[in-house]
Amino acid sequence: MAGKVLTERYETLSRQIAQTVADQLKAKPTSCFGLPTGQSPKGCYKLLGAWSKALELNWEKASCFALDDYLEAEESITFQTFLEDNLYCHTNLSGDRRFNPRFVDDYDDLIASRGGLDLTLLGIGANGHIAFNEPGTPLESWTHCIWLTESTRDSNKRYFGSNVTVPHRGITMGIRTILESKSLILVASGNNKKRALERALAGPVDPSIPASFLSLHPNVTVLKDFN
Ligand code: PGA
């Protein structure tokens, strides 16, 4: 991978990512952000929420695009609800600038019409997925619907009550959508990501490890909290 790979404590890497988002927003108030859900970006969102509440960040002209979401899921467990609760509700980003692929006919067209993604944050799955691009997703993929692998459903069980079934289907930005973003930050938190990240960084590009496609991007930073 051409970009930087940094190892930090979770609190430190969360602060670094939040600072990069804040700097981007200040430098370009109309910025478009691609945003993930999950445990990995939570620390960053917490800081961004606090800074936004302290009125240090103005999201009025920005646009935020969820990377992915479940289909056929109860609203309370959707990624949109996660982003509302963990980030949006602490900011002055208006409702009509909080985009989600479930509610847009042509997500890629919409992103392009807003000038394209400036900065996209990504998590990585234990199976190497980025957003919901599961192993086998081709490079030339745009926003599309998917079937979740059992590995992803299994690791997402922790977010659901014991009586709730993890959805089988989702919608996600494609690999090409992600690579079109001007800059990318991948945050890998937790030792269970170690193997997938090592394979992604080792190259060459391998569709069975979707994160390996990031090596095709000129401006990627990887932040991890394990050695
Ligand atoms: P996590 O999920 O941050 O909750 O570990 C990452 C992912 O599956 O993309």
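Student: How far does a polar side-chain atom of Arg158 lie from an oxygen atom of the ligand?
Tutor: A polar contact is a pair of N or O atoms within 3.5 Å (within protein, one must be able to donate a hydrogen and the other to accept it, and residues adjacent in sequence count only if both atoms are side-chain atoms). Here the distance from Arg158 is 3.4 Å. For Ser40, a polar side-chain atom lies 2.6 Å from a ligand oxygen, and a polar backbone atom of Gln39 is 2.8 Å from one. Keep in mind that this is a predicted model, where local features need pLDDT of at least 70, side-chain atom pairs count only at pLDDT 80 or more, and totals for chains, interfaces and linings use all residues. Residues are numbered from 1 along each chain as its sequence is written, and side-chain values use heavy atoms, with hydrogens and water left out.

Student: Which residues are around the ligand?
Tutor: Near means that a heavy atom of the residue lies within 4 Å of the molecule. The ligand has Gly38, Gln39, Ser40, Gly123, Ile124, Gly125, His129, Arg158, Tyr159 and Lys193 around it.

Student: How many disulfides does the structure hold?
Tutor: A disulfide is a covalent bond between the sulfur atoms of two cysteines; the cut-off is a pair of cysteine sulfur atoms within 2.5 Å. This structure has zero. Take Cys32: the closest cysteine sulfur, in Cys64, is 8.5 Å from its own sulfur, too far for a bond.
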